[in-house]
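Please keep your viewer open as you read.

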Amino acid sequence: MSLPAPSGAPEDLPAPAGSPGTPALVRYALGSAGMGVYVTVPGLLLLYFLTDTLGVSPWLAGLVLLVPKVVDVVLHPFVGFLSDADRARRGSRLRLLAAGCALGPAFVALFAVPGPVADRPWAAALWVAGWFVVGNTLFAAYQVPYLATPTDMDVDYDGRTRVLSFRMVVLTLGILVGGAVAPLLVGDGEPTVAAYTLMALVLGAFTLVFQLVGVGGVRRLVPPRAPAGPAAAGERRARPVRDTLADVRSVLRANPHFRVLAASYLLASTTTHLVLAGLPYYTRYELGRPGFTTVLMAAFVAPALVATPLWFRLSRRAGKQRCLLAAQAGFALGALGLAAGDRLGPAPVVGATLLLGVSFAGIQLFPFSMVPDAIREAGPGELARTGSYLGVWTATEAIGSAAGPYVYAGALALGGFVASRAGDQVTQSAQAHSAILTGFTVVPAALMVLSLLLQLRYRLDAQARSGRTAG
């Protein structure tokens, strides 16, 4: 039985050469729904959960989100090594992918802080940090082999964008579920730990179901192949953990196109996750409407359902690089548009957020579809290190997802923001309100402009478009 394409998927476009059919792509893409929940909910609510429910001070809360992600600098590339080793030794990357399906239970534990621990801010911070490390490890085990799929497939320049377009549409649905449902489940105002636990149980189950579907999708798109010879497999097994950072340096030195992409995306990821982390503060303290978090989150995410196939169509004419630059410029303008706050009413705020959402769709789609281009352009020797490349790439994304909230937490701390526990009544100073607004608007706009300037140095896209070389 074939599955329908998700709403907004580019199934009406002619499939580029070598591209698989819609049902196979949908099964693969569904694995992104659970990933969308995990990349969204901690980024949206975890900082707010720490400062406004557990009473953790902003500087410590920022460290709780940052330090576990520092581990990802080594973790993700090492997972990439393991993924390459599995493909060489067993003919597939499915073993790590299946292990990553334990992410759902870890996500529940992240928010289910026991009462005696929740009563002590330092203990609560350690609890959240510990489970955040576990969750990030499981997420890496799933994400790295999952994102290697388009590179493992024999598709061309446009075909790789098409595969990632399906993934982006479903990822958007997962982000929308996480970003809209999570605030609804925890409630307005000052939610309790119990409310966060209920939210985590519901969305953790959602994550597990769709991760399992994604495992089957990867198996269909990249069937297990004959294992490599003993020499190749043995070479991968012999690689010690201590070589991980050396291999990261090797990947970045060997491929200047990939290096530019990674540097630009680090800033872009930092920016988008800063906006996610700041959204609950903006709606509560600047708009005076805590329940508006769900509205603005929907306005931020939902446009991608329509924008993603439109971005894909546009990229076939203008190229990925030009489209990405336009998306980055649009995001910076949208962030600045939010600086007016509620002075002009809710309509301009929603409009600026919609612009952020359209831009966010391009910022997610194009870098991920350009990574396989950069790997394949480097030659057959680098293809054998696909997992290593994807490990470095996902580590870049993970660092950005922690750096964004950390930067925003730093702005709160500098502004004198006062943390509180659920039920406490706290009045924030005028300086704190200024930090909440500036950190949510001017800072992300500046970071995205820096990302755009770095992206201008990427030169591969024009070459790839002119040749439309087969993958």
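## Ground rules

This is a predicted model, in which local features need pLDDT of at least 70 and side-chain atom pairs count only at pLDDT 80 or more, while totals for chains, interfaces and linings use all residues. Residues are numbered from 1 along each chain as its sequence is written, and side-chain values use heavy atoms, with hydrogens and water left out.

Helices here are DSSP runs of H or I with at least four residues, numbered from the N terminus.

## The largest cavity

A search of the whole structure turns up five cavities of 30 Å³ or more. A cavity is a set of points, on a 1 Å grid over the protein atoms alone, where a 1.4 Å probe fits but cannot get out; lining residues have an atom within 4 Å of a point. Grid points are joined across faces, edges and corners, and a volume is the space filled by probe spheres set on the points.

The largest cavity has a volume of about 200 Å³. It is lined by 18 residues, and the closest to its centre are Tyr 38, Val 39, Lys 69, His 273 and Ser 401. At least two lining residues come from each of α2 (31-52), α3 (58-70), α8 (121-147) and α20 (386-414), and α20 gives the largest share, with six residues. By class, the lining splits into 10 nonpolar, six polar and two charged residues. Here Ala, Val, Leu, Ile, Met, Phe, Trp, Tyr, Cys and Pro count as nonpolar, Asp, Glu, Lys and Arg as charged, and the others, Gly among them, as polar.

## The second largest cavity

The second largest cavity holds about 150 Å³ of space. Of the 16 residues that line this cavity, Val 39, Ile 175, His 273, Phe 360 and Gln 364 are the closest to its centre. Each of α2, α8, α10 (157-186), α14 (256-286), α15 (292-301) and α18 (346-377) supplies at least two residues of the lining. Nine of the lining residues are nonpolar, five are polar and two are charged.

## Cysteines

How many disulfides does a search of the whole structure find? The count is zero, where a disulfide is a pair of cysteine sulfur atoms within 2.5 Å. Cys 101 is buried, at a relative accessible area of 7%, and Cys 323 is buried at 2%. Buried means under 20% relative accessible area, exposed over 50%, and partly exposed in between (1.4 Å probe, protein chains only).

## Two helices

The expected span of a helix is 1.5 Å times one less than its number of residues. Helix α4 (residues 72-90) has 19 residues and should span 27 Å; its end C-alpha atoms lie 25 Å apart, which agrees. After α4 comes Gly 91, with a positive phi near 90°.

Gly 416 follows α20 and has a positive phi, near 80°.

## Two single residues

Gln 428 sits in the loop between α20 and α21 (430-455) and is buried, with a relative accessible area of 8%. A polar atom of the Gln 428 side chain lies 2.9 Å from the backbone oxygen of Val 418.

Val 133 belongs to helix α8. At 31% relative accessibility, Val 133 counts as partly exposed.

How values were computed. 1 Å grid on protein atoms, 1.4 Å probe; cavity = no way out; pocket = protein on both sides within 12 Å on 5 of 7 lines; lining within 4 Å. Polar contact = N/O pair within 3.5 Å; in protein donor to acceptor, adjacent residues only side chain to side chain.
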